[in-house]
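Notebook open, viewer loaded. I want to go through the helix packing, the sheets and the cores one at a time.

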Amino acid sequence: MVPAPACETSIMTSLSDTQRVLLSGAAQRDSGSLLPLPASLRPSGGVAKAINALLTRGFAEERETNDAAAVRRTEGDNRYGIFVTDTGMAAIGIEAASDVGSVDTASAARPAPAGPPRTSKINGVVALLSRNDGATLPELIEATGWLPHTTRAALTGLRKKGREIARGKRDGATCYRIVVAA
């Protein structure tokens, strides 16, 4: 079995948009709490599934809290909330402070993240299409994990944004390539 290139196995590309929004919102709070939900998310929009996935993968953890807005569940007199972990911070490209969630963080200002530029699946598609030999639909599907119709829609979206995408043949398969203006 051939190992996948590092760019395809990065943590950032394996997070859903909802998971990224949850982790980003928590990173902006001094407590590191995922709750209350950011205004851009609806409670019925798959948030519970996203939170459970973050807990399972170690990007978030459940712990006791006294903050009423951060409570996810109660058990007797104990109240529990969901908080971002250092691994969760790293997953969105933020170097986690060791004191997230401690009492002292309320007075400390959190610096803006100075990590690498945000990587996304569409950026990966653009990179593949920018190669001299371009990329086939199966290569794009493998790199993004999208269904074929979603991948074709992404190509259409790039065209609508002004990218010129040429279609040709390579080894009998249709190949797409971004045409670079001279």
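This is a predicted model: local features need pLDDT of at least 70, side-chain atom pairs count only at pLDDT 80 or more; totals for chains, interfaces and linings use all residues.

Entry 1: Next I looked up the strand order, which reads β4-β6-β5 in an open, antiparallel sheet of three strands. β4 (135-136) and β5 are at the edges with a single partner strand each, so one side of each has no neighbour in the sheet. I then went through the pairings. β4 and β6 are joined antiparallel over two bridges, and T136 has C175 in β6 as its bridge partner. β5 (residues 165-170) and β6 (residues 173-178) pair over six bridges, also in the antiparallel sense. One of the partners I noted: R170 goes with A173 in β6. How many residues sit between β5 and β6 in their hairpin? There are two, and D171 in the turn has a positive phi of about 55 degrees.

**Entry 2: the sheet with β1.** I did the other three-strand sheet in the same way. This one is open and antiparallel, ordered β1-β3-β2. Its edge strands, β1 (60-64) and β2 (71-75), each pair on one side only. I got an average twist of 30 degrees from one strand to the next. β1 and β3 share five bridges in the antiparallel sense, with R63 partnered to G81 in β3. Between β2 and β3 (residues 78-84) the antiparallel pairing runs over four bridges, and R73 has Y80 in β3 as its partner. Here too I found a hairpin: β2 and β3 have two residues between them, and G76 in the turn shows a positive phi of about 65 degrees.

Is β3 mostly enclosed or mostly open? Five of its seven residues are buried, so the strand is largely enclosed by the rest of the structure.

**Entry 3: helix α1.** I wanted to know how covered this helix is. Eight of the eleven residues of α1 are buried, so I put it down as mostly covered. My list of them is T18, Q19, R20, L22, L23, G25, A26 and A27. What do they pack against? The answer is α2, β3 and α3.

I picked out Q19, which is found in α1 (residues 17-27). The cut-off for buried is under 20% relative accessible area, and Q19 has 6%, so it is buried. Leaving out residues up to four places away in sequence, Q19 touches S14, A50, A53, L54 and R57.

Entry 4: I'm keeping one background remark here: in soluble globular proteins, nonpolar side chains tend to be buried together. The largest core has 19 residues, and L15, L22, L23, L34 and L54 touch the most other members. Which elements each supply at least two residues of this core? I have α1, α2, β3 and α3 (86-91).

Beyond four places in sequence, L54 touches L15, Q19, L22, L23, L34, F59 and A60.

Terms used: Residues are numbered from 1 along each chain as its sequence is written. Side-chain values use heavy atoms; hydrogens and water are left out. Two strands pair if DSSP finds at least two bridges between them. Buried means under 20% relative accessible area, exposed over 50%, partly exposed in between (1.4 Å probe, protein chains only). Contact means heavy atoms within 4.5 Å. Axes are lines fitted to C-alpha atoms, for helices over the stretch in contact, and angles run from 0 to 180 degrees between N-to-C directions. A nonpolar core is a set of buried Ala, Val, Leu, Ile, Met, Phe, Trp, Tyr and Cys residues joined through side-chain atoms within 4.5 Å.
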